[in-house]
Amino acid sequence: MIRVEAKVGDSDPIIIETGHYAKQADGAVVVRQGDTAVLVTAVMSEEPQTNVDFVPLTVDYREQSSAWGKIPGGFIKREGKPTDREILVSRVIDRPIRPLFPEGFSHDVVVTALTLSADDKYDPDVLAITGASAALHISRIPFEGPIAGVRICRVEGRLVANPTYEERQKADLEIVMAGSKDAIVMVEGGAKEVDEEVLTEALYFGLEVIQDLLRAQEELRDKIGQPKASFQGLDLPEEIQNQLVEFCSPRIKESFQIQDKRERKSFQSKVLEEFLQTYQIPEELKFRVSYQYKKLISKLMRKMVLEEGRRIDGRGPKDIRPITIELHPFERPHGSAIFTRGQTQAFATVTLGAPEEAQMVESIYEGEVFKRFMLHYNFPPFSTGEARSWGPPRRREIGHGALAERALEPLIPPEEEFPYIIRVVSNILESNGSTSMATVCAASLALFDAGVPMKKHAAGIAMGLIMEGDRYVILSDILGDEDQLGDMDFKVAGTKDGITSVQMDIKVKGLKKEIMREALQQAKEGRLYILQKMYEAIPEPRPQVSPYAPVIEIITIPEDKALVVIGPGGRNVRDWRDRLGVSVWVHEGGRVSLTSTNREALQQVKEAIQNLVAEVEVGKVYEGKVTRVEPYGVFVEILPGKVGLMHVKDMEGFVKDVRKAYSVGDKVKVKVYELDDLGRPKLTNVGIEGAGVAQQAERGTRNA
C-alpha cells in the first residue's frame, strides 16, 4: 500500500492510500479524514466511442447507511436509486474534472465514489473530489490534473477549511470548491447575504489551502503513476481545415446578426451543410468537420466580443436582456409568477401545505430530518424546441433546483412565524441561457404572490467571461451559446444586501483575484437592476394567503398530554379528520398543528383539544354534564375525562331526593371548591346564580 498525507487548514490531516483496494480499476484510492473514508475508482473503456464531441464521462457517488452505522429507512431496507444528495455530490465531482480531459478524447470513463465510513465530523463529499483527481492522476487515463476539493466556511468571522458538522451549523458562508495549482475551477455554495469581498477572500483562501493536497497527489503519481494512454483526436487534414475557415467564416459572422436563437442555429446549420456539399467531404470526415465548425463559431464569437465589445445578440458586455413579469397568471395555484428575460422564461408556482407534508430526508450526520421548504426545477424539451418526450428529472434539473433553493432558503420565514410547508415548482417554458437564475427570480415573485412573509426579494444572474492572454471581457446575463463557448459560467444569486447562492465553473487557468472581484461587482450591478424590476412588480408579500390554501394553526400543549389528544389508537385524530375535515398532527415538544379548509371546523377542534388538556382549577365555574346520579350526590363531567362529585350537602337549598332533582345528561353549572387527595374535584352549585334551585323547580314541575 502506498500512502501520502496532506494538511488542510487546522482540520485533521487528509490521507490518500492506493494499492490495496479495487486493484482491477485503472486507478483506485481511499481518501480519509478523521474516521471518514471514501473509495474512489476510475475506469476507462478500451475502445473509444465514435462520433461524439464531448467526453463520455460518468460520475457516480454513493452513500450507504452502513457507512455511519444505520439501517436504511423504508420498507425494502436497502439502498435504491441515487438520492438527491448523491446526485448533487456526483455533479460537484464531475464539473471540475470534466474540462481536464484532453480535447478529442472519446473513451468512456467511469468514476465511482463509495463512502466506506462516515464519522460525525467530516463530510465525505470534498474528499471524493480529491479522490477522483488522485485516481485519474495515477492511472493510464489521459487527465490534465491534478485538482483538489475543499469546503470553506466562515464561522464567527473566521474562514475555516474542511470544518466539522458542528462548525458548519454556525457558518454564514459555506462553499465547496475545487482548484488546481493556479486556478479555481469549480465553486458551489450558499451564504446568508454576505458581501462580495467576503466571497472573494473565501475563494482565494481555499485555493491556498488545497496546495498541499495537490503536492500529495504529485507525490503519489511519482511513486505509482502509470504512463498515459494515447488516443486519436478530431483534427482535420490541413487543406480541409483551411477550406472550412475560408468558406464558413464570413457566413458565421453574418449569423451573429440574427438575434433569435432558433433562427441563428438554423442558419449556421445550413452553412455547414453547404460546405459539406460544395467540397464533397467524405463521409468518414463529416463528424470531424462538424466538430471543427463548432470550434470556429466559438473562435469568431470570442474575437467579436474581445475586439468589438459586441455580443451575438447585439448587446454590450453589461447589458441585460429585456425583462417582463406576470403575477398570478392562473388562479388556483396558491402563488404564481412568470419571469421572462430575453428568450428565457420561467413559470413558478407556490403550494402551501400542512406540517405533515414536509419531506423526510435521510442525512449522513443528522439521520432522518424533515424539510419544510422545497424547490423543484423542471426543464421540459419544448423549452428548447426539441421534439422528444418529457422524462423524469435529470441530474441537471436536480442540480439547478438545489442552486435556486439555496438562494431562497435563508429568506424563508421560520416555522413559528409561518407554519406552512412550502413547495415551489419552476417549469422552464423557454430556454436561452440562465434558466436557474430565472427560476430564482420567478420563485421569489411567486412566494410574494402567495403571501409568504419574506422580508426581501432574491434575484439571480449568470455571468460569463471571454479571455485571451491578458485581454478579457466579463459578460452579464449570458446566453446559452455564451455559456458553451465562453471561459466561465458564474451564477450569483442574492438580495439587495448580499449573496445567498453561488455556482461557478471556470475553464481557464490562473484567474486573477482582480478579475474575480470585477466579475462579482458586475454581477451585483446586474442583480440590483433585476431586483428593482421585481420590487416594481410586487414590493411586498400579499397580506393574506390564497383562499385556496389550507388554514393552519399551531397550538402548544403539555408534552405529556400528547396521547390524550391523539386518543386510544388514534381515535380522536381520526374522528376530527373524518367528521370535520381537520387534520391534527402532534409534534415533539407539545406542538400540535391543525389544518383544514374550514376555519370554523378548525376552531371547533382547537377548543376540543384545549378542553382535553385543560387542568381543573380550584375556584373556577364550569358548565358540566351529569354522568351518574346516586342518593348521596351527582357526578359531573366538567372537562373531557375530568369528573367530580357534587355531594348533596354541597347543593344549593335542601334537596330531599337527588334522583328526582337530577338526571344523567343534565347540564349544570358547578364550581370547584377543592381537590381531594387523589386530585379529584369536589363541586358545589352554592352561590351560582340559577343553579340548584332552578334545577329543583324544573324537577318539581316535571314530577307534578
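This is a predicted model: local features need pLDDT of at least 70, side-chain atom pairs count only at pLDDT 80 or more; totals for chains, interfaces and linings use all residues.
Tutor: Local features here need pLDDT of at least 70, side-chain atom pairs count only at pLDDT 80 or more, and totals for chains, interfaces and linings use all residues. Residues are numbered from 1 along each chain as its sequence is written, and side-chain values use heavy atoms, with hydrogens and water left out.

Student: What makes the protein more spread out than a compact globule?

Tutor: The protein has 17 helices and 29 strands, these being DSSP runs (helices H or I, at least four residues; strands E, at least two) numbered from the N terminus. Its radius of gyration is 34 Å, well over the 27 Å of the globule rule for 704 residues, so the protein is more spread out than a compact globule. The radius is taken over C-alpha atoms, and the rule is 2.2 Å times the number of residues to the power 0.38. Along the principal axes, the C-alpha atoms fill a box of roughly 125 × 60 × 45 Å.

Student: Why is Ser426 called buried?

Tutor: Buried means under 20% relative accessible area, exposed over 50%, and partly exposed in between (1.4 Å probe, protein chains only). Ser426 has a relative accessible area of 0%, so Ser426 is buried. Of the 704 residues of the protein, 53% count as buried.

Student: Where does Ser426 lie, and which residues is Ser426 in contact with, leaving aside its neighbours within four places in sequence?

Tutor: Ser426 belongs to strand β17, residues 421-430. With contact meaning heavy atoms within 4.5 Å, and those neighbours left aside, Ser426 is in contact with Ala346, Phe347, Ala348, His376, Tyr377, Asn378 and Thr439.
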